[in-house]
Amino acid sequence: MRISREEMLAPTDLPFDKVPPYRVKVVEYTEPTTRDQRKQLIKEVQYSACNLPAKYVYVNMTTDSGTSAMSDRQWAGMWLGDESYFNSKSWEPLKKALQEFSGMEYALPTHQGRSGEAILYEAFVKEGDIVPSNMHFTTTRAHCYYYGAEPVDMTCKEYYDEHDPSWFKGNIDVEALKQLFIEKGDKIGFVELVVPNNLCAGQPVSMQNIKEVREIIDKYKKRDVIFSLDIARISENAWMIKKHEAGYGHMSCLQIVQEMMSYADVSHMSAKKAALVNMGGFVTVRDRTNYMRLQPKLIRLDGFLTYGGLAGRDLEALAIGLMEGINDYYLEDKQRQSDVFANACKKLGVATYNPACTLGVWILAEHCLPHIPKHQGPGTALASQAYIEGGIGLTSMDSLHRGHLDPDDPTNYAKIQLAPFELIRCAFPRRVYTDSQYEWCAEALYKAMEWGDKVPGYRRFDMGDARPQLEDRDFGTHTFFDEFEPLFEHP
Ligand code: F0G
């Protein structure tokens, strides 16, 4: 490990707003395909990029989860992994990193994000509760249903206006939250803020918003309330605060994260995102008693308190990756690459949700294929066509995939509420693709869009009795099983 954290942040006049602060040592070859092959391949997997064999996806932006390239520092760290079951010495550097990152005294390693959520929701969410959020991620929503609680999404109004120029469109609507506490505070024991807001076009949350949530909880709570941050991509949120929120420009992203965390009681992280590892997660806790409440649950679900379902070498890679992921030069470059892609899209007339955040770029498919009605999945259609054109993998988050089901009639798809936007997520695997590959993605989207009304709308594929109905408590995960079919052949 030749370069230290401090050395990585040494003052420089090199333009890290134009070029990355690293170079590439290992490359992975891709499997070449042709347009005819891709057209056949996507048909065979029922027109879902997520079902494609990954080897046939040239630029894979279906997710940024577990898809990062690790650094030589992380790989070197893995050789130091201590695989002892109890009190592995690899837990020490991770515990220290988590305490520094979060400013919280207690931490539990978990094998990924959702296993950390599982122990938190089991410990702190009760049947009949309401769990407010700026927009629950699929898995925290699923945990709510599992424990008989109601997830309530309260995204701020600015998010719903695609022309609104605000920088923090991932915020929670604080007025609505306050009102909910006043009216139903006896049912609120857990508040979840996702920073940044993955399912709302990756939009960031402001420090002001986090502070206000803390104030509302302290002032209006009617019972003990845990304020939880879902921090899968907090580092990228910190960069947006540094750049666009008054008073934070002089601070490092690590200091900004520490301030964000200072308002919360617990945090949980899927480290597969901003912490630059392929597997891992953790929970951090401020209060000792709360930490002790989680201990037996971690042991039952994931593993002993010092490894939580991970190998010793994974603990080492995570301790290093967490701190690399909060490096200001790296984050500046990530924002730059996001802008490269967004600008390439704009130049070609491919509509993006604005602003493009540090995390990635979201496409507004309803503007690219205006002939397809919302309930026929313009995002699903555009993503399939873009795969055919350029071998790119994207995740559709349109009404067909993500429209909310009716909580009183969860298995009735006819009652789906349309999503506010027909989004496609172009997630950026970290440190993996070059600028020219992102420009190619923009071109593939443009080529797809150019087919106009020759691109088909979609409908839900009826599997008859083949799939058992989801139990109510498993409600919320349907988006990972649903299948769709085009109304006619793709061009
Ligand atoms: N929270 C957020 C905001 C997430 O985006 C994810 C996962 C999780 C929690 C759960 O973490 O997968 O490690 O168990 N998001 C992935 C995605 C799957 O593609 O957005 P996990």
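Tutor: Because the model is predicted, local features need pLDDT of at least 70 and side-chain atom pairs count only at pLDDT 80 or more, while totals for chains, interfaces and linings use all residues. Residues are numbered from 1 along each chain as its sequence is written, and side-chain values use heavy atoms, with hydrogens and water left out.

Student: In what order do the strands of the open sheet lie?

Tutor: Strands are DSSP runs of E with at least two residues, helices are runs of H or I with at least four, and both are numbered from the N terminus; two strands pair if DSSP finds at least two bridges between them. Here the order is β9-β12-β11, with antiparallel pairing, and the edge strands β9 (360-364) and β11 (395-397) each pair on one side only. Between β9 and β12 (residues 423-427) there are 5 bridges, and L364 stands opposite L423 in β12.

Student: How many residues of α12 are buried?

Tutor: Buried means under 20% relative accessible area, exposed over 50% and partly exposed in between, with a 1.4 Å probe and protein chains only. In α12 (residues 312-324), 11 of the 13 residues are buried, including L315, I320 and M323. As for α13, 15 of its 21 residues are buried, so α13 is largely enclosed by the rest of the structure.

How values were computed: Expected span 1.5 Å × (residues − 1).
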